[in-house]
Amino acid sequence: MAFSVNTITFPNISRVNRSRYPAGMAFATMSNKTITSSGVQLTEGQGNLPKLVLTSPSGSEAEIYLYGGCVTSWKLPAGKDLLFVRPDAVFNKKKPISGGIPHCFPQFGPGSIQQHGFARNMDWTVADSENVEGDPAVTLELKDDSYSRAMWDFGFHALFKVTLNSKSLSTELKVKNTDNKAFSFTTALHTYFSASVSGASVKGLKGCKTLNKDPDPKNPVEGTEERDVVTFPAFVDCIYLGAPDELQLDNGLGDLISVKNTNWSDAVLWNPHLQMEACYKDFVCVENAKIERVQLEPEQTWTAVQHLSIA
């Protein structure tokens with residue numbers, strides 16, 4: 001598969017509707033490299049948007065859209081998808097993809113710039129692809145440009161590596177300060193899991209300090225989580241500060257999912273309940289987050305890992 005500065009060659013596609021894209025848009029670049037790694041394919045997704053498909057030797061599969069650097073699917077070898085994309089999601093670049101694992105960077109939630117920052121509605125590019133002990137892995141990158149600097153005037157370089165194997169999906173996010181001045185940011189992976197909300201639960205949060213955004217998101221109520229098992233009986237929007245490095249999600253569909261992390265210091269649980277009546281029963285969000293601001297001096301790098309696995 002050939003990459004050039006301004007175009008992508010889509011494999012196994014007879015016709016690509018390029019009219020949807022502005023002239024000269026850089027869809028994906030690999031410094032004139034070619035994806036040759038087994039189990040990694042660049043193809044055309046919904047809305048004619050380019051996406052990567054990772055397939056492990058066992059038959060598990062993941063899909064990643066370059067728009068937003070968003071993982072939209074993680075399927076087990078039997079075909080069951082553990083992630084959820086909302087039915088109101090659009091694939092036209094007019095708004096971020098609603099579902100999967102969207103990025104929140106350089107701002108989680110509301111703040112001085114747009115909701116959840118800009119990384120989820122920018123085009124990421126392919127930096128590398130490889131095989132890790134036989135399993136497919138791909139690294140995407142995002143750099144500052146005129147669009148990001150209009151909101152957040154700093155130079156940065158983000159790398160997002162996704163590795164798939166038969167029973168797990170791992171991501172590694174690296175953010176480097178390429179500016180000549182320090183900056184700070186907050187971030188999260190806004191992960192949507194397929195679930196039966198009435199049966200879903202999360203273990204591992206007891207004792208955490210909480211910032212509960214119900215009923216007023218602008219004035220979270222501080223508290224402490226007293227429950228061994230947290231459920232989703234109604235609207236849930238709660239930040240857990242100092243969360244442990246592993247949580248257990250029972251998705252209510254027969255799956256027990258381990259959510260491990262390194263350097264994601266906090267967690268967020270969210271379900272919109274009747275605010276999204278069409279789909280709230282079918283997903284829960286269990287998010288790794290960094291709520292306290294990360295401060296980076298020039299040339300410094302921050303790294304965090306998320307490891308999702310099924311028993």
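**Close-up views of the predicted model**

**View 1. Glu 222 and its salt-bridge partner, Lys 209.** Glu 222 is exposed, with a relative accessible area of 56%. The model shown here and in the other views is predicted. Lys 209 is partly exposed, at 38% relative accessibility. The two side chains meet in a salt bridge, 3.7 Å from N to O. Lys 209 belongs to strand E13 and Glu 222 to strand E14, so the pair ties together parts that are 13 residues apart in sequence.

**View 2. Lys 80 and Asp 255 in a salt bridge.** The closest N and O atoms of this pair are 2.5 Å apart. The bridge links distant parts of the chain, 175 residues apart. Lys 80 sits in the loop between strand E4 (70–75) and E5. Asp 255 sits in the loop between strand E17 (246–250) and E18.

**View 3. Asp 123 and Lys 93, a pair between two loops.** These side chains form a salt bridge with an N to O distance of 3.0 Å. Asp 123 is in the loop between E5 and E6, and Lys 93 is in the loop between E4 and E5. The two residues are 30 residues apart, and the pair links distant parts of the chain. Asp 123 is partly exposed, with a relative accessible area of 26%. Lys 93 is also partly exposed, at 23%.

**View 4. A network of salt bridges.** The network links Asp 144, Arg 149, Asp 153, Asp 179 and Lys 181. How many salt bridges does the model hold? The count comes to 13 salt bridges.

**View 5. The largest pocket.** Its volume is about 790 Å³. The lining has 32 residues. Which residues lie nearest the centre of the pocket? They are Gly 109, Pro 110, Gln 115, His 116 and Lys 213. Strand E16 (236–241), strand E19 (266–271) and strand E20 (283–296) are the elements that give two or more residues to the lining. By class, the lining of this pocket has 15 nonpolar residues, nine polar residues and eight charged residues.

**View 6. Cysteines without disulfides.** How many disulfides does the model have? The count is zero. Cys 104 is in no disulfide. The nearest cysteine sulfur to that of Cys 104 belongs to Cys 285, 9.5 Å away. Cys 104 is buried, with a relative accessible area of 0%. A disulfide needs the two sulfur atoms within 2.5 Å. Cys 208 is buried, with 5% relative accessibility.

View 7. Most peptide bonds are trans. Pro 106 lies in the loop between strand E5 (103–104) and strand E6 (125–132). Where is Pro 215 placed? Pro 215 is in the loop between strand E13 (209–212) and strand E14 (221–224).

**View 8. Positive phi at Asn 48 and Asn 263.** Most residues other than glycine have a negative phi. Asn 48 is not a glycine, yet phi is positive here, at about 65°. This asparagine lies in the loop between strand E1 (40–44) and strand E2 (50–55). Is Asn 48 buried or exposed? Asn 48 has a relative accessible area of 17%, so Asn 48 is buried. Phi of Asn 263 is near 80°, again a positive value in a residue other than glycine. Asn 263 lies in the loop between strand E18 (256–262) and E19. With a relative accessible area of 36%, Asn 263 is partly exposed.

Technical notes: Residues are numbered from 1 along each chain as its sequence is written. This is a predicted model: local features need pLDDT of at least 70, side-chain atom pairs count only at pLDDT 80 or more; totals for chains, interfaces and linings use all residues. Side-chain values use heavy atoms; hydrogens and water are left out. On a 1 Å grid over the protein atoms alone, a cavity is a set of points where a 1.4 Å probe fits but cannot get out, and a pocket is an open set with protein on both sides within 12 Å along at least five of seven lines; lining residues have an atom within 4 Å of a point. Grid points are joined across faces, edges and corners, and a volume is the space filled by probe spheres set on the points. Helices (H or I, at least four residues) and strands (E, at least two) are DSSP runs, numbered from the N terminus. Ala, Val, Leu, Ile, Met, Phe, Trp, Tyr, Cys and Pro count as nonpolar, Asp, Glu, Lys and Arg as charged, and the others, Gly among them, as polar. Buried means under 20% relative accessible area, exposed over 50%, partly exposed in between (1.4 Å probe, protein chains only). A salt bridge is a side-chain nitrogen of Lys or Arg within 4 Å of a carboxyl oxygen of Asp or Glu.
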